[in-house]
Amino acid sequence: MSNSKTATTTVPRIEFRSNAERGGGSPVHWLRAMWTFAVPANGYYAGGLNGFGNLRVMAEDRIKPYNGFELHGHREFEIFTYVIRGELEHKDSMGNVEIIKAGDIQLTSAGTGIRHSEVCHGPKEVHLMQIWTLPSQSGLTPKYYTRHFTDEEKANNWVRVVAPVESKGVTREREGTGPAPVYSDVSFWVTRLGAKAAVSRRLPASASREERKAYLQIIQRSGFNQGPGQGATVSVQLGESVVSMREGDGAFIYGREGDELDVENTSDITAEILLFDV
């Protein structure tokens, strides 16, 4: 298998990836993790799946109170941290100290290099998603951006929380409104679908290629699980391709500009869903 998943045809289609195919577990006593792509340092090779488009890391982490990742370094990656429940304390080599709360997304443009720590703040476990993408240029000056999006904004609605830096509506303030800016050809959308609710999105245009790709991930809101997906059930359709998914499941989406992606929560509990245009 190649280093990143590639399509063999532009016919609209969805390729299902079961939660049970993700790696993870408890590599250390304070962390329960699920990894979509290969993490060789932790012994997970994902069958050779090292990324998808510009996506390179997608981790769903649960960190015990007062524990976490001590000071460590990054460079030449764009890193999103999206908090689902709880609070995460961030400290970095530029002197920033920040408590990231549920609904917040922090974007780290690591550029030429930063060092930071990420530790669960307070007496409750923190549940988060962390996503790494390749930057569109190297040698960037390190920067941080933080944005907050309410549950009401995301209710039965796709909200773009990260977008390429030159996109319409994107600002470069440290803290501001609208999507966080990313130096990568990736847009990140979130929705919280109530029982029996549905949302649709047309795949966007691309100046560089006819085919459009996206990755969809359902968050494990019902609890940590390493087996087949449980919890909320979601139907995803693109053209004649339809898959039924549950919490923890993901999907590779291949289509063309203007193809409509339909997502419906067919269960009786809220489903939180992430979508990445890549």
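Start at Gln106, a residue of strand β9, which spans residues 104–109. The model is predicted. Gln106 has a relative accessible area of 1%. Buried means under 20%, so Gln106 counts as buried.

What does the side chain of Gln106 meet there? A polar contact of 2.9 Å joins it to the side chain of Glu98. Leaving aside residues up to four places away in sequence, Gln106 touches Ile79, Phe80, Thr81, His90, Glu98, Ile100, Tyr144, Tyr145, Thr146 and Arg174.

Take Tyr82. Among the residues it touches, not counting those up to four places away in sequence, are Gly103, Asp104, Ile105, His127, Leu128, Met129, Phe188 and Val190. Tyr82 also touches Lys154, Ile219, Glu272 and Leu274.

Now turn to the largest pocket. Its volume is about 440 Å³. The lining is made of 20 residues. Val39, Asn42, Val57, Phe69 and Trp132 lie nearest the centre of the pocket. Which elements give two or more residues to this lining? They are β2 (23–28), β3 (31–35), β4 (55–63), β5 (68–74) and β11 (126–133). Strand β4 provides the largest share, four residues. By type, the lining divides into twelve nonpolar, five polar and three charged residues.

Terms used: Residues are numbered from 1 along each chain as its sequence is written. This is a predicted model: local features need pLDDT of at least 70, side-chain atom pairs count only at pLDDT 80 or more; totals for chains, interfaces and linings use all residues. Side-chain values use heavy atoms; hydrogens and water are left out. Buried means under 20% relative accessible area, exposed over 50%, partly exposed in between (1.4 Å probe, protein chains only). A polar contact is a pair of N or O atoms within 3.5 Å; within protein, one must be able to donate a hydrogen and the other to accept it, and residues adjacent in sequence count only if both atoms are side-chain atoms. Contact means heavy atoms within 4.5 Å. On a 1 Å grid over the protein atoms alone, a cavity is a set of points where a 1.4 Å probe fits but cannot get out, and a pocket is an open set with protein on both sides within 12 Å along at least five of seven lines; lining residues have an atom within 4 Å of a point. Grid points are joined across faces, edges and corners, and a volume is the space filled by probe spheres set on the points. Ala, Val, Leu, Ile, Met, Phe, Trp, Tyr, Cys and Pro count as nonpolar, Asp, Glu, Lys and Arg as charged, and the others, Gly among them, as polar.
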